[in-house]
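Colleague: Could you walk me through this one slowly? I would like to start with a sheet and then move on to other parts.

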Amino acid sequence: MKLAQVIVDVPTMQTDVPFTYSIPQSLLDRIKPGMRVIVPFGNGGRKIQGFVIGFTDHSKYRLKPISAVMDLTPVVDDELLQLSKWLAKTTFSFRISCLQTMLPSVMKAKYAKRATLLKPINDPKVKQLFDHQASLTYRPNKLTPDQQALIYQLRQRGLIKVTYLVKNQARSEMVNAFTSRLPVARIKYLLKAISTRNVGQVTLLRFLLEHPTGTYKIAEVTKYRQHLSSSVINQAAKKGWLKKLKVRKYRNPYKQPVKKNHPFKLNSDQWHAVNQIDSSIVNDQFAVYLLEGVTGSGKTEVYLQAISKALQQGKTALMLVPEISLTPQMVTWVKGRFGDLVAILHSGLSSGEKYDEWQRIQSGNAKVVVGARSAIFAPLKNLGIIIMDEEHDTSYKQEDTPRYQTRSVAKWRGKYYHCPVVLGSATPSLESRARATKHVYHLLRLPHRINHQALPTVHIVDMRKEIMKHHGINYSSALLDAIKLRLKRHEQVVLMLNRRGYSNFVMCRNCGYVPKCPNCDISLTFHWHSHSLRCHYCGHEEPIPRTCPKCGSRKIRYLGTGTEQAELELKRFIPGIKIVRMDVDTTSRKGAHARLLHEFGSGYANVLLGTQMIAKGLDFPNVTLVGVLNADTSLMLPDFRSEERTFQLLTQVSGRAGRAKKKGEVFIQTFNPDNYAIRLAQQQNYERFYLIEMTRRHALNYPPYYYSVRLTASSKNRRLAIASMASIKQYLQTRLSPQTIILGPAPSAITRIKQRYYFQMVIKYKHEPNLQETLDYILNHYQIGVRNGLFISIDPNPVNFM
DNA sequence: AGCACGCCGACT
DNA sequence: GTCGGCGTGCTC
């Protein structure tokens with residue numbers, strides 16, 4: 001007896017195990033592991049989606065049969081099934097959540113219910129709800145309580161039947177196409193027999209003669225062939241000349257053709273790096289390479305040539321980049337080199353486009369994938385290389401469940417396929433660089449810029465002195481002079497406003513009062529457009545108070561530096577200056593990012609002003625000046641990695657200046673001109689920074705000397721949360737070694753969100769072989785009654801401790 | 001998650 | 001008496 005093991009779409013602790021179902025005879029030969037199925041679940045007749053993960057031949061339960069199979073071929077292959085298991089275990093998340101994050105969002109089922117009247121009912125309320133129809137399809141939570149009650153009553157009285165629907169959103173756009181049915185000899189005969197006045201038919205027959213086999217999209221053929229129209233094709237179909245059918249249309253997110261580019265000649269450092277990586281590809285060897293290259297050292301070319309090697313070997317390649325640097329420029333590079341073999345996955349695509357790109361990968365038509373974080377799950381088979389560009393970037397860590405670190409998943413897949421993983425960065429994370437020192441990773445260095453380009457000159461401007469000079473808060477006179485000089489020379493300027501961990505808020509300059517969210521207890525953010533205060537966590541909005549609610553003073557006003565304010569201020573200092581502003585507000589719309597960059601790249605604007613998002617991957621030859629308006633904000637964060645972040649950001653943004661022939665200049669404005677992170681970023685001295693920072697981390701018992709796990713508990717009941725945390729800490733202390741450090745429990749940085757209280761503990765350890773079991777035990781035993789009790793989440797290796 | 005079941009108070 | 005509120009337990 002063949003029975004299916006199914007992971008059901010119910011993300012809870014109790015249902016996080018395979019459920020066994022019987023397989024109806026009709027599905028027996030179609031059903032395979034990795035397919036999605038629809039199964040009955042529970043005693044209310046509910047139907048839900050599930051994933052078949054395997055088969056078994058016996059079960060102690062009374063089994064229900066699988067209702068339907070949703071896929072023709074498996075959507076998750078054996079490798080990804082195994083990966084989902086590992087991922088669920090190591091990130092303390094549900095198997096179903098892992099499976100779902102590995103797939104395009106459209107493959108997640110949407111649920112609806114349908115109520116069908118068993119006989120006509122003459123109640124006006126019922127008629128209104130059913131819109132005079134016999135059945136109503138609805139989402140329960142979209143109905144008003146009254147409507148829900150009405151349906152409940154009708155059901156109780158046996159007047160309606162309720163069925164459950166599982167909707168598959170994954171749909172491909174289909175277009176009309178045709179294929180020839182005529183043998184060549186017959187076409188030749190017809191061409192002679194038909195009058196040449198039938199222009200359409202003759203043209204069609206000639207087309208069929210040229211293309212005796214194959215399927216052609218009607219829209220495309222009629223567009224490029226004169227005299228050939230859809231009516232001609234329809235007529236021909238009736239005559240039996242050709243067969244009409246539907247084919248999938250791939251929604252291609254990059255319509256404009258890209259210019260082909262060719263491999264560059266490598267310098268000796270690049271050559272050495274490519275050689276090393278290639279040997280791992282050729283020898284089917286898992287190895288992690290850390291490619292440490294200064295900005296402008298030609299890392300991209302190393303990646304491209306390594307990918308090329310993998311393709312030559314008949315393998316596939318996966319290249320990950322931070323979301324923000326997945327710019328049209330980067331896409332042009334890869335598409336230009338590998339053409340239609342490339343699939344792109346990033347958040348700018350519509351869900352339909354993402355699904356189509358996923359299909360191209362799944363079917364084997366795309367062999368090179370470039371994408372942001374979640375692309376690490378791209379269904380490539382026979383991987384030959386995995387590349388992570390800017391490996392230190394924090395966007396590689398998923399911040400909600402499953403809280404995976406892309407680097408770990410990359411290594412897992414690299415081991416599975418016996419292929420190299422290349423981590424590239426100008427400023428590697430200390431974790432990775434330390435592993436290279438210990439020879440766990442192979443260090444490959446590119447210490448020179450290509451074509452012996454000089455590094456830009458970096459000036460540090462002491463803002464403590466500047467603040468006295470004038471009323472502006474964003475621009476030192478040195479930076480303003482430098483900007484004016486570029487305008488005169490018709491060169492361009494990039495200005496960055498460091499907004500990491502920073503928000504614009506309103507403060508009373510008399511008493512220091514800051515308006516906070518009544519639900520979440522965090523500072524409200526000032527919004528220029530709506531002229532109101534908003535909570536970033538829950539969306540609460542309120543007007544700006546005219547007088548301080550605490551002291552009554554009228555000196556309550558907007559404080560801090562936003563990009564809008566920086567833009568206005570610069571326009572005041574330099575009238576007529578053309579600025580392209582890039583921040584969350586201006587880039588939220590689809591395609592806006594590319595449009596703004598194009599606007600700047602075309603030379604229309606003098607200045608590109610933006611937040612961190614401009615620091616990465618941009619390459620404009622006419623930019624000779626980069627200004628960092630406030631280097632400090634990221635230094636102020638209560639986070640042990642703030643120096644590392646600041647160093648990385650400043651180094652990266654400095655690399656934006658002078659990438660072509662013209663020499664670049666950088667101004668870093670700061671209130672902490674002597675800070676080592678700022679000083680060493682000025683010198684672009686990563687190795688020195690690494691040594692100093694490692695000493696500090698060692699002294700303070702921080703990563704990479706220690707591993708860390710953050711445990712967060714939340715509850716509506718504040719005292720319950722505190723008490724549980726205390727008892728969890730006690731339990732941990734009995735189970736873990738005495739050298740392990742437990743910080744907290746302490747209120748989280750966001751103490752309260754949506755009426756729930758958050759508390760956290762951080763476990764710092766060097767060696768804890770039983771940590772996995774210990775934490776599993778805590779999840780199973782302390783998380784009692786998620787609804788009103790305590791909810792626990794665990795984040796292994798959190799990116800920050802806040 | 002979402003459903004049924006069961007226990008309790010308050011309504012025609 | 002029963003309607004409907006919420007707390008609890010279970011789903012192959």
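Colleague: What is the strand order in the open sheet of three strands?

Modeller: The order is 7-6-8, and the pairing is antiparallel; strands and helices here are DSSP runs numbered from the N terminus (E of at least two residues for strands, H or I of at least four for helices), and two strands pair if DSSP finds at least two bridges between them. Please keep in mind that this is a predicted model, where local features need pLDDT of at least 70, side-chain atom pairs count only at pLDDT 80 or more, and totals for chains, interfaces and linings use all residues. Residues are numbered from 1 along each chain as its sequence is written, chains are lettered from A and ligands numbered from 1 in the order in which they are written, and side-chain values use heavy atoms, with hydrogens and water left out.

Colleague: Which strands stand at the edges?

Modeller: Strand 7 (135–138) and strand 8 (160–167) do, and each has a single partner strand, so one side of each is left without a neighbour in the sheet.

Colleague: And how many bridges link strand 6 and strand 7?

Modeller: Strand 6, residues 110–117, pairs with strand 7 over four bridges in the antiparallel sense, and Arg114 has Thr137 in strand 7 as its bridge partner.

Colleague: What does Thr137 touch?

Modeller: Leaving out residues up to four places away in sequence, Thr137 touches Ala112, Lys113, Arg114 and Leu165, where contact means heavy atoms within 4.5 Å. The side chains of Thr137 and Arg114 are also joined by a polar contact of 3.0 Å, meaning a pair of N or O atoms within 3.5 Å; within protein, one must be able to donate a hydrogen and the other to accept it, and residues adjacent in sequence count only if both atoms are side-chain atoms.

Colleague: Changing topic, which residues are closest to DNA strand B?

Modeller: Nine residues surround DNA strand B, and the closest are Val10, Thr12, Arg46, Lys113 and Tyr164, with a residue taken as near if one of its heavy atoms lies within 4 Å.
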